[in-house]
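Please look over the sequence and the structure shown here before reading on. The report after them is meant to be read side by side with the model.

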Amino acid sequence: MAEVKLRNIKKSFDEVEVIHGVDLEIKDQEFVVFVGPSGCGKSTLLRMIAGLEDITAGEIYIGDTYVNDLHPADRGAAMVFQSYALYPHMSVRENIGFGLKLNKVPKAEIQRKVAEAAKILKIEELLDRRPGQLSGGQRQRVAIGRTIVREPSVFLFDEPLSNLDAALRVQMRMELEKLHANLKTTMIYVTHDQVEAMTMADRIFILNDGYVEQVGTPLELYRKPANIFVAGFIGSPKMNFLSVKVLQIEGQQITLQLPGEDQMQLQRENINFQAGDILTLGIRPEHFELEQTKGCSLSATVDIIERLGNETYIYANDASDNLLTVVGDGELDVSNNEKIKIYFTTDHCHLFGRDDQSIQ
Amino acid sequence: MKPKQNQYPLRYSIYSLIAVVAAMIFFFPIYWAFSTSLRNPLDTFTVSGFGIPFLNFDPTLTNWVDQLATEEARKAVYNSTVIAVFASILALALGIPAAYALARFRFKTISNKDLTIWFLSQRVLPPVATVVPFYLIMQFLNLLDTQLALILINATFVLPFVVVIVRQTFLDLPIELEEAAFMDGARNYGAFLRVALPLAAPAIAATGLIMFAFTWNEFLFAITLSSKEVITIPIHMAGAVDTRGVQFWFMAVRAMIAMIPPVLIALLAQRYIVQGLTLGAVKG
């Protein structure tokens, strides 16, 4: 039971600063995901909370305790590593019970807790094996078992599913969600996979280049990305971005020149640009429409068609040769090099200024 | 992987032949020592052919019985064993913590790399250059002709190797394992004793074995610092030369005795090392 607070956290490796003053607050019992591309500092941030990485500047609190100077062993956190980091010379039983043994818990109690964790994770019949004799998924469960028995105040996960195959990943994802629902403990989860972030998180922290770009629930991030980076990172396939020219501003009404002949009108409150400026318009592939004629439209030529069965991805070039992605239904009737009209409504348009920030 | 024997019969036979010839070249001196040790002194220079027992001469155990009966031989085995075992243990006991510290902690005033090279530099000097200083030190400490003197000196000599080899072993261990131990509530020494050390054990055993062999074979300091009491096997072997020339029959027996312990330990340790390699990978 603990909230986690980071105050102006900075991290430098030698001369290079990789995390530039991160402030964040994680509530008790919250499932938080740090997501971002590789090298964005998400793992470093997690390791600083764990105590495995020195803190260059700033303060970290777990609960009400200032933990900057505490050894990892004293922070009350437990961690699942990307490589699982199971002790190869110990049986599964010893791996799970290791932390308890170190804390001088009586043997009978260790037995009971290990058995309980094994039951939750369905690894009872593996207890006497060595990690070398387990499959990836089984090792993952053992690694989780090792954290559960310690009853930590915070669980830390460092890309725990990235070594598993796709089917197993989906299954383990659900099991982790269930685990969180049962244990009701603060969990911090690091991943580069936005699908994992969207499906599991109560709140997502999007990191890029050592800065927090945006914090919010999965749907907030999907619906109202704060900037181009977040808009492009959340959602799959990626959001389409078009360069548009501001033709006219009348009060809150903006007229934009789309690539080619088409024009469109949008309502915005914070107008910090003028006619003639080039802005970025973002539209998600699933918000493009080919068959129903409504709202605004764009002309394009079909380049590649990918049929997934339930839906179809169409990659098409617009008049300025931008590659647009359209998600249509599975039966969509299109062919290569066909000239198409892409329709969309203004409610699903995101407008970004020259500073890459969203214009509301 | 199995060699594909049937696919390339000729090539495979040639490789085998080369292997057999090479093995024979390496084993011949050992075989010859063994054969000589079973001969009557008179037969030593007169045996024809390959000196095959029963075929070329009548073997006898006299040399073995004579040698093992002497107190010098038994003393030499005893001295060498004590010195080699304790010097290796002492070097490991001092070297392993140093190696771990160099592998896992970051020193600021002198960098880890410089410290490691400084350890190794102790072996750049030819040992003979240090004979006189060591002799004087041991004389001052009143340790001349004692096992302790040779234990200390041999431990000093093998310590740099222990540090360098074992440090590399610790560097090769995935650091996540020790980090996991920290998260499980272990301190530095807990992570070292319960996780890093057991995982490095096979490599440490192999290192200990090599250090044992080094010490077992050490000649220069053994002959300089000991005169009567602490004769070791290499000195004893050299002692098979007397005014009538080399007594090859005794030399052969002593050589065989000198070889047995390291070979036995190597065989035992080999199984242990193989076991260590099959512990299982960390990643999935």
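This is a predicted model: local features need pLDDT of at least 70, side-chain atom pairs count only at pLDDT 80 or more; totals for chains, interfaces and linings use all residues.

## Model and domains

In chain A, the domain assignment gives domain 1, covering 4-233, and domain 2, covering 240-352. The C-alpha centres of these two domains of chain A are 39 Å apart, and the contact between them takes four residues from domain 1 and five residues from domain 2. On the side of domain 1 of chain A that touches domain 2 of chain A, three residues are nonpolar and one is polar, with no charged residues.

Chain B is likewise assigned domain 1, here 9-60, and domain 2, here 70-277. Their C-alpha centres lie 33 Å apart, and seven residues of domain 1 of chain B are in contact with six residues of domain 2 of chain B. The side of domain 1 of chain B that touches domain 2 of chain B has three nonpolar, three polar and one charged residues.

## The six-stranded sheet of chain A

Chain A contains an open sheet of six strands in the order 6-7-8-3-9-10, and the pairing within this sheet is mixed. Strand 6 and strand 10 (211-216) of chain A are at the edges, where each has a single partner strand, so one side of each is left without a neighbour in the sheet. From one strand to the next, the twist averages 20 degrees.

Helix 4 of chain A lies across strand 6 and strand 7 of chain A, and runs at about 180 degrees to strand 6 of chain A.

## Helix 3 against helix 4 of chain A

Helix 4 of chain A also meets helix 3 (residues 107-121) of chain A: the axes of the two helices come within 9 Å and cross at roughly 135 degrees. Helix 3 and helix 4 of chain A are therefore oblique to each other, and their crossing is right-handed.

From helix 3 of chain A, the residues Ala117(A), Ala118(A), Ile120(A) and Leu121(A) meet Arg141(A), Ile144(A), Gly145(A) and Ile148(A) in helix 4 of chain A. By class, the residues of this contact divide into six nonpolar, one polar and one charged.

## A hairpin in chain A

Strand 16 (residues 311-318) and strand 17 (residues 323-329) of chain A run antiparallel and are joined by seven bridges. Tyr315(A) has Thr325(A) in strand 17 of chain A as its bridge partner. Four residues lie between the strands of this hairpin, in which Asp321(A) takes a positive phi near 65 degrees.

## Where chain A meets chain B

The contact between the chains takes 27 residues from chain A and 21 residues from chain B. On the side of chain A that touches chain B, the elements that give two or more residues are strand 6 (77-80), helix 2 (92-102) and helix 4 (136-148) of chain A. That side of chain A has 15 nonpolar, nine polar and three charged residues.

Key: Residues are numbered from 1 along each chain as its sequence is written. Chains are lettered from A and ligands numbered from 1 in the order in which they are written. Two residues are in contact if their C-beta atoms, placed from the backbone, lie within 7 Å. Ala, Val, Leu, Ile, Met, Phe, Trp, Tyr, Cys and Pro count as nonpolar, Asp, Glu, Lys and Arg as charged, and the others, Gly among them, as polar. Axes are lines fitted to C-alpha atoms, for helices over the stretch in contact, and angles run from 0 to 180 degrees between N-to-C directions. Angles under 35 degrees count as roughly parallel, over 145 as roughly antiparallel, 65 to 115 as roughly perpendicular and the rest as oblique. A crossing is left-handed if the near helix is turned anticlockwise from the far one by less than a right angle, and right-handed if clockwise. Domain bounds come from an automatic or database domain assignment. Two strands pair if DSSP finds at least two bridges between them.
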